[in-house]
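Visitor: Could you walk me through this model and show me how its labels follow from the numbers?
Guide: Gladly, let us take the terms one at a time.
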Amino acid sequence: MAHGHKIEIKPEFFAGNKKATKFSLILIVLGLLLTIIGVVTTPKTQPAKEEAATHQHDANHDVADAAPHLNYYGDHQVNHPLPPPTPEDAGAHKPWYARVYANIFANSYFFLLISSLSLFFLALQYVANAGWTTVFKRVIEAATKFLPIAAGVFILILIIGKTDLFHWAHYEHEGLKPGDAGYDKILDGKSWFLNSSFFIGGIVLIPLIWYLMGNKLNSLSKKEDAEGGLTPFKKSIRWSAGFTVFFAFSISVLSWLAIMSIDAHWYSTIFSVYNFATGFVAALCVITLFVLYLKSIGHLQLVTDEHIHDLGKFIFAFSIFWGYIWIAQLLLIWYAHIPEEVYYYQVRLMDQWKPYFYINLALNFVLPFFALMTRDAKRNPRILATVALLVLLGHWIDVYLMVMPGSIGSLANLGFLEVGMLLLFSGAFIYLTLIALTKRALVAMNHPYLEESAHHDVGV
């Protein structure tokens, strides 16, 4: 639906904002400082934890020996007469710097999700022939600019820290055969997929192809600005169609390789959809925050309450979608009661991780569900910005909870290192996005749907 009255459309430019740039640089410097403090103050030895872990390891084997017919990771026993052994601490016997690797990994993955899902959202507008986002298309494009940085850090840290973060990578180097002590049937069965060659190939090629396809869409957008006409737009539709198909498959593979393989014995058929939902809601929150910020300083004059309302609806709807996937995964695993699946939740419901487990649900589902339920709340910039910021933090906690328990276990601790790393990545993301916004006109004057977007009306 569109307004009937005439709206004047004129070019807009963002020359940067000193306060915003200063804010992003403060985040970078503060984040770097806290990260250094965190690295210096991280305990270099943890004898008590290693001893406790050794005792737990022995206890688990005692349980297994007492019931040899019940293989904890092998046979699927629905009616388990004995409870599964307490999960071993993934942080036992890990070097102290594994915590640094895990934090770089979690943050680079989180911001890679935001950048790549912003690109997916951009491509989706072309594929769906949607015009309503055209008035803030530059914000979506700018949010994709951090992709090569996040991908570069992500690839580098996984290559360097692979054996310290992934149990399967350490097991691979042992070269155990059936009958050998320590032989693992599940890891051996997954070795066609969980091996160093496939792993490195996947984590390098997938972000690289995303970047190249995003670069192509960006060049077509620039061509549209320079030449006008429908040719760049039609080509963008074709490239976007190819990208969305590839993205649907590749984000699944990447989430299996990089995240699900942290808990290598664990299976979940909807884990990739869960990762998509996490990244997509986070990307929507980032786009919304930048749109609201630019509006607050007098830019994006074509953006109205109707556009803000729709952004609020997207955050609301996909937060419910995230909640649906979250509960679906939990219920299926709870109902099936397969030991290697229950293990994933068992760890995250233990003392250290229990608060994060419930905060994750509260911030990512309960908060947006109740706070954005009404029409007025979605149109209120303060409410929407506050909710978007908290939901964004919630999805960072979500990724933190995916990575830490299985990779470094009790080595993880929310301290200077974790806060500093988050601020560092956030500052860099904001800085590069602001720079990207200054490079081109804020309004895509030659986009064929600009007029439609300027007259956008949600009809309620």
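Guide: A salt bridge here is a side-chain nitrogen of Lys or Arg within 4 Å of a carboxyl oxygen of Asp or Glu. The model is predicted, and by that rule the structure holds 10 salt bridges.

Visitor: What makes Glu141 and Lys137 a salt bridge?
Guide: The closest N and O atoms of Glu141 and Lys137 are 2.8 Å apart. The rule asks for a distance within 4 Å, so the pair of Glu141 and Lys137 counts as a salt bridge. In general, side chains of opposite charge can pair when their charged atoms come close.

Visitor: Where do Glu141 and Lys137 lie?
Guide: Both belong to helix H4, residues 137-143. They sit 4 residues apart, about one turn of the helix.

Visitor: Why is H9 called roughly perpendicular to H10?
Guide: Helix H9 (residues 231-258) and helix H10 (residues 271-296) pack at an angle of about 105°, with axes 9 Å apart. Angles from 65 to 115 degrees count as roughly perpendicular, so H9 is roughly perpendicular to H10.

Visitor: Which residues of H9 and H10 meet?
Guide: From H9 come Phe247, Ile251, Ser252, Ser255 and Trp256, and they meet Phe271, Ser272, Asn275 and Phe276 of H10. Sorted by class, that contact has 5 nonpolar, 4 polar and no charged residues.

Visitor: How many cavities are there of 30 Å³ or more?
Guide: The count is 3.

Visitor: What lines the largest cavity?
Guide: Its lining includes Tyr274, Trp326, Tyr344, Arg348 and Asp398. Helices H11 (305-336), H12 (339-348), H13 (354-371) and H15 (381-407) each supply at least two residues of this lining. By class, the lining of the largest cavity has 7 nonpolar, 2 polar and 2 charged residues.

Visitor: Which residues line the second largest cavity?
Guide: Among them are Leu122, Tyr126, Lys137, Phe233 and His447. Lys137 is thus a link back to our salt bridge, where Lys137 pairs with Glu141. Helix H3 (residues 98-127) gives the most to this lining, with 3 residues. The classes here are 5 nonpolar, 5 polar and 1 charged.

Visitor: What makes a pocket something other than a cavity?
Guide: In a cavity the 1.4 Å probe fits but cannot get out, whereas a pocket is an open set. The second largest pocket has a volume of about 1,000 Å³. Of its 38 lining residues, Phe23, Leu289, Leu389, Leu392 and Ile430 lie nearest its centre. Helices H1 (18-41), H3, H10, H11, H15 and H16 (416-439) give two or more residues to that lining.

Visitor: Which helix has the largest share of the lining of the second largest pocket?
Guide: That is H15, with 10 residues. By class, the lining of this pocket divides into 29 nonpolar, 4 polar and 5 charged residues.

Note on methods
Residues numbered from 1 in each chain as written. Predicted model: local features only at pLDDT ≥ 70, side-chain atom pairs only at ≥ 80, totals over all residues. Heavy atoms only, no water. Axes fitted to C-alpha atoms, helices over the stretch in contact; angles between N-to-C directions. Parallel < 35°, antiparallel > 145°, perpendicular 65-115°, else oblique. Contact = heavy atoms within 4.5 Å. Nonpolar A, V, L, I, M, F, W, Y, C, P; charged D, E, K, R; others polar. 1 Å grid on protein atoms, 1.4 Å probe; cavity = no way out; pocket = protein on both sides within 12 Å on 5 of 7 lines; lining within 4 Å. Points joined across faces, edges and corners; volume = space filled by probe spheres on them.
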